[in-house]
Amino acid sequence: MATATDASSANLQALIHAAAGGDHAAFAQVYQRTHVHLFGVAVRMLGQGQAAEDVLQEAYVSIWKNAGSYRSEVGGQPIQPMTWLIAIVRNKALDALRARARRPESAWNDTTELAGSDGDGRDAMGAASALAPAPSAMHLLEQATQALRIDGCMNALEGSYRQSLALAYYQGLSHSEVAAQMGAPLGSVKAWIRRGLERLKSCLAAQGVSA
């Protein structure tokens with residue numbers, strides 16, 4: 001029996017395929033349904049709002065360009081649409097982290113302040129995003145494969161550990177927000193996240209994936 005989650009995933013998959021055919025309305029729906037979660041992923045990786053916004057914009061440019069490369073199954077393993085989208089955001093965020101490491105902090109700040117003439121940098125970022133190279137299909141597959149391993153380890157966790165980690169790292173919620181969402185004490189949530197991460201890292205290490 002199909003669940004609401006299955007239906008939502010299938011619908012998102014259909015929207016991505018429609019976007020691959022040049023359907024701007026479908027792409028707009030992909031954005032509306034996923035940008036909150038994907039922004040949370042970017043924020044968790046970059047730790048600052050403006051950088052996360054820039055990465056998200058670049059990610060959606062790549063999603064539009066590469067929508068046709070999405071496959072719901074690779075080698076007999078299902079690839080969920082959100083897993084594929086998260087892989088693109090992670091790829092862009094890692095690029096941003098590498099770029100940040102290569103430049104002085106002052107240069108990073110200057111770039112942020114002088115990003116565009118309209119005051120919020122959208123014109124400059126739009127031009128830069130349009131010229132940004134799209135991730136290769138092979139790279140996205142590697143990212144998706146690693147994400148599948150993470151999903152497997154997540155599913156092996158006990159319920160409280162799995163739910164708290166999913167809310168914190170997949171949806172970008174703070175510890176306090178996770179506690180409110182789960183109706184649990186803040187101290188318990190912090191302990192679940194800490195222990196869950198330890199078990200997740202051990203599971204991934206056993207599979208040869210660095211966490």
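Analyst: The chain of this predicted model has ten helices and two strands as its secondary structure. Along the sequence the order is α-α-α-β-β-α-α-α-α-α-α-α. The chain has 211 residues, and 34% of them are buried. Its exposed surface comes to about 11600 Å², of which carbon and sulfur atoms supply 53%. Of the contacts in the chain with a separation of 6 or more, 66% are between residues 24 or more positions apart.

Now to the aromatic rings. A pair of aromatic rings is described by two values, the distance of the centres and the angle of the planes. In the whole structure, a search finds four aromatic pairs. One of them joins phenylalanine 27 and tyrosine 60: the ring centres are 6.2 Å apart and the planes stand at 80°, so this pair is edge-to-face. The cut-off behind that word is an angle over 60 degrees between the planes. Where do phenylalanine 27 and tyrosine 60 lie in the chain? Phenylalanine 27 belongs to helix 2 (residues 24-46) and tyrosine 60 to helix 3 (residues 49-66), so the pair ties together parts that are 33 residues apart in sequence. Both phenylalanine 27 and tyrosine 60 are buried.

Phenylalanine 27 also pairs with tryptophan 64, again edge-to-face, with 5.1 Å from centre to centre and 65° between the planes. This pair, too, links distant parts of the chain, since phenylalanine 27 is in helix 2 and tryptophan 64 is in helix 3, 37 residues apart. The reason is the cut-off: buried means under 20% relative accessible area. Tryptophan 64, with a relative accessible area of 28%, is partly exposed. Taken together, Phe27, Tyr31, Tyr60 and Trp64 form one aromatic cluster.

Alanine 59 is found in helix 3, and its relative accessibility of 0% makes it count as buried. Apart from its neighbours within four places in sequence, alanine 59 is in contact with Ile88, Val89 and Lys92. The C-alpha atoms of alanine 59 and alanine 87 are separated by 9.6 Å, although these residues are 28 residues apart along the chain. Glutamine 57 is also in helix 3. At 29% relative accessibility, glutamine 57 counts as partly exposed.

Serine 69 has its place in the loop between helix 3 and strand 1 (73-74), and at 27% relative accessibility serine 69 counts as partly exposed. Serine 69 and isoleucine 16 are 53 residues apart along the chain, and their C-alpha atoms are separated by 9.8 Å.

Another part of the chain shows how helices pack. Two packed helices are described by the angle between their axes and the distance between the axes. Helix 9 (residues 175-182) and helix 10 (residues 186-206) pack at an angle of about 110°, and their axes are 9 Å apart. Helix 9 and helix 10 are therefore roughly perpendicular to each other. On the side of helix 9, the contact is made by His175, Ser176, Val178, Ala179 and Met182. Helix 10 contributes Leu186, Val189, Lys190, Trp192 and Ile193. By class, seven of the residues in this contact are nonpolar, two are polar and one is charged.

To return to the request, the aromatic cluster consists of Phe27, Tyr31, Tyr60 and Trp64.

Notes. Residues numbered from 1 in each chain as written. Predicted model: local features only at pLDDT ≥ 70, side-chain atom pairs only at ≥ 80, totals over all residues. Heavy atoms only, no water. Helix = DSSP H or I, 4+ residues; strand = E, 2+ residues; numbered from the N terminus. Buried < 20%, exposed > 50% of the residue type's maximum accessible area, 1.4 Å probe, protein only. Contact = heavy atoms within 4.5 Å. Areas by Shrake-Rupley, 256 points an atom, 1.4 Å probe, with all protein chains shown as cover. Phe/Tyr/Trp six-rings, centres within 6.5 Å; stacked < 30°, edge-to-face > 60°. Axes fitted to C-alpha atoms, helices over the stretch in contact; angles between N-to-C directions. Parallel < 35°, antiparallel > 145°, perpendicular 65-115°, else oblique. Nonpolar A, V, L, I, M, F, W, Y, C, P; charged D, E, K, R; others polar.
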